[in-house]
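Please look over the sequence and the model, then read the points grouped by topic.

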Amino acid sequence: MQDIGPDPRKAAEPTAAKKKAEKALLGCHAGPGVMEEAARSAGKSETLDQLAADYPKGPHDQPQSMCPAFGSLRVGLRMRRTATILSGSACCVYGLTFTSHFYGARRTVGYVPFNSETLVTGQLYEDIRDATKEMADPEKYDAVVVINLCVPTASGVPLDRLPREINGVRVIGIDVPGFGVPTHAEAKDVLAGAMLRYARLEAEAGPVARPRSLKDDRPTVTLIGELFPADPVGIGALLDPMGLSVAPQLPSREWRDLYACLDSRVAAAVHPFYTASVREFATAGRPVVGSGPVGVDGTAAWLEKIGAAAGVSDKQIDAAKAAALPAIRGALAGNPVKATVTVSGYEGSELLVARLLIEAGARVPYVGTACPKTEWSKDDREWLEAKGCHVQYRASLEQDIAAMRDVKPDLALGTTPLVQTAKEQGTPAVYFTNMVSARPLFGPAGAASMAAIVAAQTGGRDRFADMVAFFEGVGTGDSAGYTVPPRAAALSMSAGD
């Protein structure tokens with residue numbers, strides 16, 4: 001193992017800064033302001049400044065979402081030959097691992113526990129280093145990812161001092177504090193961007209392994225964002241007339257795919273919040289195109305921009321459009337959506353879904369996304385606003401619910417609490433992540449899938465109305481649970497007197 005530098009405990013003696021960092025031991029109860037102050041006092045200002053630049057919070061302090069670290073954890077757990085170690089409060093680690101396994105993770109998550117003494121003295125860093133060394137088996141892993149949660153970040157645990165590799169296994173250390181990364185969607189970019197940077201530096205230094213998924217030598221387009229499995233295949237068919245193919249997408253499924261991502265002709269920011277990843281593509285000299293091939297207008301514009309960025313001739317671009325657009329136009333015509341729909345979520349594809357619904361004939365007056373406003377969603381925002389749709393970046397649950405109540409849609413797409421609120425008032429609603437993101441979005445298949453969702457859900461509106469009427473008053477007021485009858489309460493007060 002290579003030299004790891006000076007003993008971090010010497011830098012972690014109980015100075016005034018370290019004493020301030022002890023506030024971090026309060027964890028979530030301390031509040032984001034206290035945690036951030038502690039982190040900056042402990043030497044994490046540069047990290048927090050970069051997170052704030054990459055993922056600005058906007059008009060709200062922070063959108064309501066699950067712990068952001070879940071995004072980074074998910075990216076690592078979905079990669080072959082990649083181990084993950086969490087450092088954080090036990091309750092946080094339990095919740096994150098539970099959620100990860102709920103979403104299908106089939107791999108153990110490493111955990112480095114701590115107490116007040118090991119945290120403040122620097123022993124926690126040594127424990128993390130030892131755990132990483134133990135985990136770094138080149139027969140099993142290409143990389144070990146170490147993630148600092150809120151308390152270790154606020155206490156200044158220096159993951160940047162970990163060796164870059166151990167026994168030939170890459171080591172990636174990142175801070176993903178809830179008080180620094182607004183949403184779990186953006187936390188995917190924290191790890192994806194860190195891995196991409198590592199892979200870029202490897203490629204610049206010399207030959208790297210050939211990705212096993214490459215099937216030909218045509219120029220490729222890298223799709224940025226977690227997509228429905230059939231969508232990259234469909235996009236590949238759209239690109240084929242231009243002589244282009246789809247590279248392994250980012251976040252990737254194994255380390256060597258990162259080289260193929262970087263070796264693409266163009267990067268497509270289908271999910272527009274991958275700021276750190278886009279920065280690596282720009283550093284590698286790759287142009288980045290926003291939006292995605294949704295509907296007729298969206299597909300035509302996207303193919304034109306991809307073709308131009310890839311240096312493809314106008315004739316090839318026209319051929320790609322001629323091959324794709326009639327089928328998409330036919331799918332939209334054959335699957336019309338005659339309904340008013342509100343769209344909200346935290347996946348990053350909300351604007352694309354709204355575009356597709358409008359092209360299918362729906363009225364979409366509101367779309368809210370927990371993700372930030374970036375240049376990669378500019379085309380989608382301008383198109384939607386031209387169609388009379390209000391786009392709310394960094395949308396809060398309260399804004400989404402207020403829009404739904406104001407619009408009174410035939411269907412509301414949104415997060416779990418929004419769906420619950422909608423159903424309480426008799427409005428059909430579905431969970432965006434499990435129902436919308438779990439279906440194709442691009443090409444003819446996407447046009448048909450959206451119509452099926454809307455038709456299936458809006459058809460049951462009368463049943464919702466009957467259920468609301470039948471259960472009216474249940475669960476509210478005196479019927480909310482156990483209550484003390486007025487006479488019994490009066491007698492109890494008299495006895496007490």
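**Backbone features**

Lysine 408 sits in the loop that runs between H17 and strand S13 (411–414). The model is a predicted one.

- Lysine 408 is not a glycine, yet its phi is positive, at about 55 degrees.
- With a relative accessible area of 59%, lysine 408 is exposed, because exposed means over 50%.
- Arginine 394 also has a positive phi, of about 50 degrees, although it is not a glycine.
- Arginine 394 belongs to the loop between strand S12 (390–393) and helix H17 (397–407).
- Arginine 394 has a relative accessible area of 2% and is therefore buried, the limit being under 20%.
- A cis peptide bond, with omega near 0 degrees, joins leucine 250 to proline 251.
- Proline 251 is placed in the loop between S7 and helix H11 (257–262).

**Salt bridges**

- The count of salt bridges comes to 23.
- One of them pairs arginine 74 with glutamate 226, and the closest N and O atoms are 3.1 Å apart.
- This pair links distant parts of the chain, 152 residues apart: arginine 74 is in helix H4, and glutamate 226 is in the loop between strand S6 (220–223) and H10.
- Arginine 74 is partly exposed, at a relative accessible area of 22%, whereas glutamate 226 counts as buried at 16% relative accessibility.
- Arg74 and Glu226 also belong to a network of salt bridges, in which they are linked with Arg78, Lys188 and Glu347.
- Glutamate 254 and arginine 80 form a salt bridge through their side chains, at 3.4 Å from N to O.
- The partners lie in distant parts of the chain, 174 residues apart, with glutamate 254 in the loop between S7 and H11 and arginine 80 in the loop between H4 and strand S1 (82–87).
- Glutamate 254 has a relative accessible area of 3% and is buried, while arginine 80, at 46% relative accessibility, counts as partly exposed.
- The side chains of aspartate 379 and lysine 305 meet in a salt bridge of 2.1 Å, N to O.
- Aspartate 379 is partly exposed, with a relative accessible area of 30%, and lysine 305 counts as partly exposed at 38% relative accessibility.

**Largest pocket**

- The largest pocket holds about 1,300 Å³ of space.
- Its lining is made of 49 residues, and those closest to its centre are Leu227, Phe228, Pro229, Pro232 and Gln249.
- Two or more lining residues come from each of helix H4 (69–77), helix H9 (184–205), helix H10 (230–239), strand S7 (245–246) and helix H19 (432–436).
- H10 gives the largest share of the lining of the largest pocket, with four residues.
- Sorted by class, the residues lining the largest pocket are 21 nonpolar, 12 polar and 16 charged.

**Second largest pocket**

- About 1,000 Å³ of space is found in the second largest pocket.
- This pocket is lined by 26 residues, of which Thr47, Gly173, Ile174, Ala194 and Arg197 are the closest to its centre.
- Helix H3 (45–54), strand S5 (169–175), H9 and helix H12 (275–283) are the elements that each give two or more residues to the lining of the second largest pocket.
- The lining of the second largest pocket includes 12 nonpolar, five polar and nine charged residues.

**Nonpolar surface patch**

- Phenylalanine 102 counts as exposed, because its relative accessibility is 61% and the cut-off is over 50%.

Notes. Residues are numbered from 1 along each chain as its sequence is written. This is a predicted model: local features need pLDDT of at least 70, side-chain atom pairs count only at pLDDT 80 or more; totals for chains, interfaces and linings use all residues. Side-chain values use heavy atoms; hydrogens and water are left out. Buried means under 20% relative accessible area, exposed over 50%, partly exposed in between (1.4 Å probe, protein chains only). On a 1 Å grid over the protein atoms alone, a cavity is a set of points where a 1.4 Å probe fits but cannot get out, and a pocket is an open set with protein on both sides within 12 Å along at least five of seven lines; lining residues have an atom within 4 Å of a point. Grid points are joined across faces, edges and corners, and a volume is the space filled by probe spheres set on the points. Ala, Val, Leu, Ile, Met, Phe, Trp, Tyr, Cys and Pro count as nonpolar, Asp, Glu, Lys and Arg as charged, and the others, Gly among them, as polar. A salt bridge is a side-chain nitrogen of Lys or Arg within 4 Å of a carboxyl oxygen of Asp or Glu.
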